[in-house]
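Please view the sequence and structure below before reading on.

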Amino acid sequence: EMFQKAYEGGYAVGAFNVNNMEIVQGITEAAGELRSPLILQVSAGARKYANQIYLKKLVEAAIECNKQSGKDIPVVLHLDHGADFEICKASIDSGFTSVMIDASSHPWEENIEITKKVVEYAHDHGVVVEAELGKLAGIEDDVNVSAEHAHFTSPDEVEEFTARTGIDSLAIAIGTSHGAYKFK
C-alpha cells in the first residue's frame, strides 16, 4: 500500500537502519514533521546490539509519540538482510510488517526455494517480502562478499525469480558496494 501510494504520488519512501532510541526518535520525528511515510530497518548488527524486541518497542513508542502530537504517519518495521527462514519467521512473529530474505549467497534454485518459503509464511501473516538477487562486493553486517564472487543482477533472471517466489520487492546488485568495502 505504501509503495503504491508512492508510485502514484511520484515520490520515494526513505528506509533507514536503526539501532538505538536516539536514531529512532530523530528519524520518526523528522518524518512526522514532513508527513512522510517511513521504513525503519533492523539489520543483523542492530539485532545483536540492541535485540529486535527492544527495537520493535522503540519503534512502537515513536509511532505513539507521533500520533499524540498529531503527526500520524505510516511506518513500516523492516528486517534488513534476513539470512534465513528462521530469522524472518521470528521477525514476522514478533510483529515486523516487512522482511528481507537475503539468500543471494546460495545457488539459484536454493535462493528461490528459501525465498518462496519466507514469502508463503509472510503473506499468510500479512507481511511483505523483499529479496535479493545478485551479490554486491563488500561487507555489510554478516554479509561479506569478495570482489571475485560478486556479480550484478541479471535482468534475464528477474522476471523468473519474482514469478517463482512471489516477492513484493526486489533488491538488485547494480554496481554499488556495501559497507566497509570502500575502505579496503
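The model is predicted. Helix H5, which spans residues 85–93, has buried residues, and what covers them includes helix H4, strand S3, strand S4 and helix H6. The residue ranges of these elements are set out here.

| Covering element | Residues |
|---|---|
| Helix H4 | 52–68 |
| Strand S3 | 75–82 |
| Strand S4 | 98–101 |
| Helix H6 | 108–124 |

**Helix H5**

The residues of H5 that are buried are Phe85, Cys88, Ser91 and Ile92. Viewed along the axis of H5, these residues fall within an arc of 130°, and they therefore line one face of the helix. In general, an α-helix has 3.6 residues a turn, so residues three or four places apart point the same way.

At the N-terminal end, H5 is capped by Asp84, which places a side-chain oxygen 3.2 Å from the backbone nitrogen of Glu86. Gly95 follows H5 and has a positive phi, near 110°.

**Strand S3 and His81**

His81 belongs to strand S3. Its relative accessible area is 13%, so His81 counts as buried, the cut-off being under 20%. The side chain of His81 also makes a polar contact of 2.7 Å with the side chain of Asp102.

**The protein as a whole**

The protein contains seven helices and nine strands. Of its 184 residues, 40% are buried. Among contacts between residues at least 6 apart in sequence, 65% join residues at least 24 apart. The protein exposes about 10300 Å², of which carbon and sulfur atoms supply 54%.

Definitions and conventions:
Residues are numbered from 1 along each chain as its sequence is written. This is a predicted model: local features need pLDDT of at least 70, side-chain atom pairs count only at pLDDT 80 or more; totals for chains, interfaces and linings use all residues. Side-chain values use heavy atoms; hydrogens and water are left out. Helices (H or I, at least four residues) and strands (E, at least two) are DSSP runs, numbered from the N terminus. Buried means under 20% relative accessible area, exposed over 50%, partly exposed in between (1.4 Å probe, protein chains only). A polar contact is a pair of N or O atoms within 3.5 Å; within protein, one must be able to donate a hydrogen and the other to accept it, and residues adjacent in sequence count only if both atoms are side-chain atoms. The arc is that of the directions from the helix axis to the C-beta atoms. Contact means heavy atoms within 4.5 Å. Accessible areas come from the Shrake-Rupley method with a 1.4 Å probe; for residues, only the protein chains shown count as cover.
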